[in-house]
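Here's a quick briefing to read with the model open beside you. Take a look at the fold, then work through the points by topic.

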Amino acid sequence: MKNNRLTIAAQAVKSNRQLMAGCIGVLALLVLMIAAPLISTEDPTIYGPDVLNGLGENGHILGTNHLGQDVYSMIIYGVRTSVKVAVISAMISGILGVLIGGAAGFLGGKVDVIISEIINVFMMLPTFFLILLIVALFGNSLTNVMIVIGITTWPGNAKLMRAQALSLRERVFVKSAEAMGETKRQILFKYIIPNGIFPVIANTTLGMANAILTEAGLSFLGLGDPSIISWGQMIYAGKQYITSAWWICAFSGIAIIIAVLIFYMLGDGLNKVMDPRYNKRRA
Amino acid sequence: MSEKPYVSVENISKWYPYKGDKLINHEKKFIKANDDINLSIQKGEILGVIGESGCGKSTLGKLLTRLETPTAGDCLINGVSTKELIKNDMKAFRRSVQIIFQNPFDTFTPRDTIEQILLRPLKNHNIGNSKEERRKLCIERLEEGGLVPGEDIMKRYPHELSGGQLQRISIIRAMLLDPEFIVADEPVSMLDVSVRAEIINMLLDLAKLHNTAVMFISHDIALTRYISDNIAVMYLGKVVEYGKADEVVNNPGHPYTKALISNCASIDPDDEREEISITGEPPTPLDPGPGCYFAPRCFMACEKCLKEYPDKKNLSDTHWITCMNAE
């Protein structure tokens, strides 16, 4: 059976170019993450003697910054930060959204009313300023940034999951599970969530792209974690040298665009493939 | 009727609040899906419930299995209210009362194999000591039910099986828990005619074997007559006629039943009977009354019928109707 599901997944990937590009991109990012020490030419945390070297100068493929760090190596190691932020914050947001939205939709009644209002309150909050506030209050470690992105983006996932749960709980198999004596918790975890999670997965993948952007934005404002290498911080540090050493900002900016595009294509592709109307349109 | 009934339905009602027109009309309205129903089922008895679509047959089934909570009235099993039963021990109640649904294609979650689907309730209810034992029991039951080889069926997903197979599994799963009362909600209406008889016979054989009470919901009069001991005819949320199957079919008392039966195709082409046609659509169950619900379409209706709902009238010891004009 596993084999069967894999072939279905492979067919889905093949049928949508966006999804295929996204998958290849994510694989490439993973390779960069794991093999960063092999691919990079230098340790990016070392402040070398070559300050503000241009492209190709002294063996620095993309030059160096004002502290003598190798830009090419920094970009390679920056993948780790971005992917970490994307995956962990999206997971937090996805898990919170699925649990809260699933419970609201499935239990209904007063629970649903209260949770829906909470979701609405969270949706109205100006997310970015809330993140700024929390980072300013609790310090700017990467962990804080990831958690904050996670807990400010879950309402979108919760709304999707709630809508799924609302329609699933009227299905016969949920009623029959109830008649077989299964508890509410079992029904939620074995029937509602596995059958309704697909739109949330697609949305979470799109959320990863936004998480990368948010982290870069925070770093650009000087609120990133200073002890790690991230693309946003490279731009932040490089912006004062933009006239004399444009390569610092330019290449890290391009890296952000590529990473965001990859996750966006993956998410959008998943969205399209999982849409039940998609296969009909093609057939 | 000397025995105490095993399942007894007492004045059960299910009203759904009607949400339309709220701005203009502040009066609260209800859709009376079930209204003041009284029935009883003995152990081992098969009660057929017939009526046209939308008359509340399925709602009644859901009320009896407590998938819906009644607005008023109660259902007693062995003299104990199901409300109490489910409050005290939900699992024991679910074990003793089971339901088989109309649509076999939607009865099982599409993400699990038949094995997972069958083993989960067994584990929940602590039937069998080990996984191996439960598996063996499932395979045995599957093969008894004509699903051979059981080992292979267990590995399948619901979408890989046919409707007939799925409905068999649905019945087998319900029977795994040894229920004492089964509601079969139009179990064969979505299946091919060719497999209907097998599925019904399977259900009846199992019910007879375990002396289970069955409520068989259907709109097929001929089929219901063939399998049931008693028949209840429903119209717009009310039971209008109840009696022994043969009595109801051969000697219908209520004009609605008469019309239903006169329109039922007979196998015997020489069978002579007068066809009664009823005109119009059934009215909405939105605050019907005050008269007899069937009066607007009834060919026997008189002025009195439009004023008050008729009382129960006994035609014989085992046969009653609710109609003014019964002779």
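Predicted model: local features only at pLDDT ≥ 70, side-chain atom pairs only at ≥ 80, totals over all residues.

Chain B has an open sheet of eight strands with mixed pairing, plus an open sheet of four strands with antiparallel pairing.

**The eight-stranded sheet (chain B)**

- Reading across this sheet of chain B, the strand order is 6-7-8-3-9-10-12-11.
- Strand 6 (97-100) and strand 11 (312-316) of chain B are the edge strands, and each pairs on one side only.
- On average, neighbouring strands here are turned by 20° against each other, ignoring direction.
- Strand 9 and strand 10 (residues 238-244) of chain B run antiparallel and are joined by six bridges.
- To find your place in that pairing, look for Ile231(B), which stands opposite Gly243(B) in strand 10 of chain B.
- Helix 11 of chain B packs on this sheet and touches strand 9 and strand 10 of chain B. The direction of helix 11 makes about 105° with that of strand 9 of chain B.

**Helix 11 and its tyrosine (chain B)**

- How many of the eight residues in helix 11 of chain B are buried? Six are, so the helix counts as mostly covered.
- The buried ones in helix 11 of chain B are Pro255(B), Tyr256(B), Thr257(B), Ala259(B), Ile261(B) and Ser262(B).
- These buried residues pack against helix 9 (221-227), strand 9, strand 10 and helix 10 (245-250) of chain B.
- Tyr256(B) also forms a tilted aromatic pair with Tyr235(B), at 4.6 Å centre to centre and with 55° between the planes.
- That pair links distant parts of the chain, with Tyr235(B) in strand 9 (residues 230-235) and Tyr256(B) in helix 11 (residues 255-262) of chain B, 21 residues apart.
- Tyr235(B) counts as buried at 1% relative accessibility, and Tyr256(B) is buried with a relative accessible area of 0%.

**The four-stranded sheet (chain B)**

- The strand order in this sheet of chain B is 2-1-4-5.
- Strand 2 (29-41) and strand 5 (80-81) of chain B sit at the edges with a single partner strand each, so one side of each has no neighbour in the sheet.
- Nine bridges hold the antiparallel pairing between strand 1 (residues 7-18) and strand 2 of chain B.
- Trp15(B) has Lys32(B), in strand 2 of chain B, as its bridge partner.
- Helix 1 (residues 57-64) of chain B packs on this sheet, touching strand 1, strand 2 and strand 4 (72-77) of chain B. Its direction makes about 115° with that of strand 1 of chain B.

**Aromatics in chain A**

- Trp246(A), Trp247(A) and Phe251(A) are linked into a cluster by ring pairs.
- Why is the pair of Trp246(A) and Trp247(A) edge-to-face? Their planes are at 75°, and over 60 counts as edge-to-face. The ring centres of Trp246(A) and Trp247(A) are 5.9 Å apart.
- Buried or exposed? Trp247(A) counts as buried at 8% relative accessibility, while Trp246(A) is partly exposed at 42%.

**Charges over rings**

- In chain A, Lys239(A) lies over the face of Phe220(A), 5.4 Å from the ring centre.
- In chain B, the charged end of Lys43(B) sits over the ring of Tyr6(B), 4.5 Å from its centre.

Note on methods: Residues numbered from 1 in each chain as written. Chains lettered and ligands numbered in written order. Heavy atoms only, no water. Phe/Tyr/Trp six-rings, centres within 6.5 Å; stacked < 30°, edge-to-face > 60°. Buried < 20%, exposed > 50% of the residue type's maximum accessible area, 1.4 Å probe, protein only. Helix = DSSP H or I, 4+ residues; strand = E, 2+ residues; numbered from the N terminus. Lys NZ or Arg CZ within 6 Å of the ring centre and 35° of its normal. Pairing = 2+ DSSP bridges. Axes fitted to C-alpha atoms, helices over the stretch in contact; angles between N-to-C directions. Contact = heavy atoms within 4.5 Å.
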